Amino acid sequence: MKAEILYEAISEINPKYIEEADMRVITKINPWKRFLVAAACLILCISLSIPALAATDNSFAYELLYTVSPELAQNLKPVRETCEDNGIKMEVVAASIEGDTVNILLAMQDMTGNRITASSDLMDSYSIHTPYDQTACCQLEKYDSETGIALWSITIDQAESKLKPGDKITFSVSEILSRKEHTEIKLDSIDVSNIIETTEFTVDPQIRGGAGNFDEDSMECKRLLLPEENGYKLCDGVTLTGTGMVDGKLHIQCKYDDILNTDNHGYIYLKNSSGEVDEYYSSISFWADNKTDSYEEYIFDISYDELAEFEIWGEFWTCNNAPIQGEWQVTFTISE
């Protein structure tokens with residue numbers, strides 16, 4: 001059976017059963033890396049959908065896009081398919097196909113309060129399903145404080161199989177984070193003139209991902225700092241748990257609390273007196289024993305003698321509010 005036919009034949013299945021069916025799980029790359037922070041990319045899988053719900057008119061959201069990208073707004077075609085749960089309305093406002101790229105405009109609005117804010121985040125709870133294997137990214141573009149409307153742009157990059165007019169796309173969300181806090185600070189607690197060679201390492205770290213020159217089979221993944229029991233609190237939800245030189249490289253380790261519910265994340269970088277930034281060589285994430293907190297180890301390819309020229313800085317995104325739960329899902333058809 002062709003993927004397109006299968007996609008249509010079982011389109012009535014609820015999304016929660018899709019996840020339980022263990023179809024191919026959508027994989028997302030860590031969104032908090034500086035060079036990836038604009039969009040958290042994910043692998044799209046052959047999946048299922050439910051019918052689109054009642055359409056509505058949200059021309060304001062469509063017009064709001066003109067303040068972000070007039071060119072994109074002019075090329076988008078109205079869709080206006082909506083879904084509402086837990087007092088929050090989600091709407092696919094418009095979409096278009098341009099060559100190998102599909103652009104989608106998504107709006108969210110709290111109909112009962114002000115839970116949707118300029119710092120709202122869909123976390124890793126969102127999914128994009130098409131009949132084909134493709135890659136996509138989703139990012140917050142603009143928030144209008146008067147209406148409480150937040151706009152997200154979704155971009156699908158098509159590989160071998162290309163979406164065509166008449167194909168369906170399903171976008172779903174189960175959790176929304178709100179009122180996130182952003183902190184950028186100099187890490188004065190680290191004395192660059194007194195960083196010693198590390199001799200104690202984490203035993204059998206449960207690696208969950210990485211970035212940069214990351215290789216799970218590398219020696220670096222086997223020589224990660226042993227976290228300090230009482231680290232230095234950098235901000236709510238982020239603790240400095242270790243620094244040291246390992247094999248001629250600088251290692252800095254932070255613990256992010258309860259990442260599955262808070263999406264706490266960040267990164268470390270070096271900055272010299274001229275303001276020039278030196279990014280990390282690689283970063284490695286591994287679970288704490290409670291499988292709730294996560295350690296992130298940032299590795300810099302810099303010698304001890306060179307450190308005196310730099311300051312160490314950190315940038316973090318944290319949240320102390322529980323995510324808003326719901327089942328938002330919209331299926332729509334790509335038009336000409």
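The legends below describe close-up views of a predicted model.

**View 1. The salt bridge between lysine 180 and aspartate 263.** The closest N and O atoms of lysine 180 and aspartate 263 are 3.3 Å apart. This pair links distant parts of the chain, 83 residues apart. Lysine 180 sits in the loop between strand 8 (168-176) and strand 9 (181-186), while aspartate 263 sits in the loop between helix 5 (259-262) and strand 14 (265-272). Lysine 180 is buried, with a relative accessible area of 14%. Aspartate 263 is also buried, at 7%.

**View 2. Lysine 255 and its aspartate partners, Asp257 and Asp293.** With aspartate 257, lysine 255 forms a salt bridge of 2.7 Å, N to O. A salt bridge also joins lysine 255 to aspartate 293, and here the closest N and O atoms are 3.9 Å apart. Aspartate 293 belongs to the loop between strand 16 (282-287) and strand 17, and lysine 255 to strand 13, so this pair ties together parts that are 38 residues apart in sequence. Lysine 255 is buried, with a relative accessible area of 16%, and aspartate 293 is buried at 13%. Aspartate 257, in contrast, is partly exposed, with a value of 25%.

**View 3. Threonine 318 and its contacts.** Threonine 318 lies in strand 18 (residues 310-318). Its relative accessible area is 3%, so threonine 318 counts as buried, the limit being under 20%. Leaving aside neighbours within four places in sequence, threonine 318 is in contact with Lys180, Glu181, Cys235, Asp236, Val238 and Asn264.

**View 4. A negative surface patch.** The patch is formed by Asp301, Asp305, Glu306 and Glu309. Glutamate 306 is placed in the loop between strand 17 (294-300) and strand 18. Glutamate 306 is partly exposed, with a relative accessible area of 37%.

**View 5. Positive phi values at asparagine 86 and aspartate 247.** Most residues other than glycine have a negative phi. Asparagine 86 has a positive phi, near 50 degrees. Asparagine 86 is found in the loop between strand 2 (77-85) and strand 3 (88-98), where the residue is partly exposed, with a relative accessible area of 38%. For aspartate 247, phi is positive and near 55 degrees. Aspartate 247 is in the loop between strand 12 (238-246) and strand 13 (249-256).

Methods: Residues numbered from 1 in each chain as written. Predicted model: local features only at pLDDT ≥ 70, side-chain atom pairs only at ≥ 80, totals over all residues. Heavy atoms only, no water. Helix = DSSP H or I, 4+ residues; strand = E, 2+ residues; numbered from the N terminus. Buried < 20%, exposed > 50% of the residue type's maximum accessible area, 1.4 Å probe, protein only. Contact = heavy atoms within 4.5 Å. Patch = residues over 30% accessible without salt bridge, like charges linked within 9 Å, V, L, I, M, F, W, Y side chains within 5 Å. Areas by Shrake-Rupley, 256 points an atom, 1.4 Å probe, with all protein chains shown as cover. Salt bridge = Lys/Arg side-chain N within 4 Å of Asp/Glu carboxyl O. Lys, Arg positive; Asp, Glu negative; His and termini not counted. Charge placed at Lys NZ, Arg CZ, Asp CG, Glu CD.
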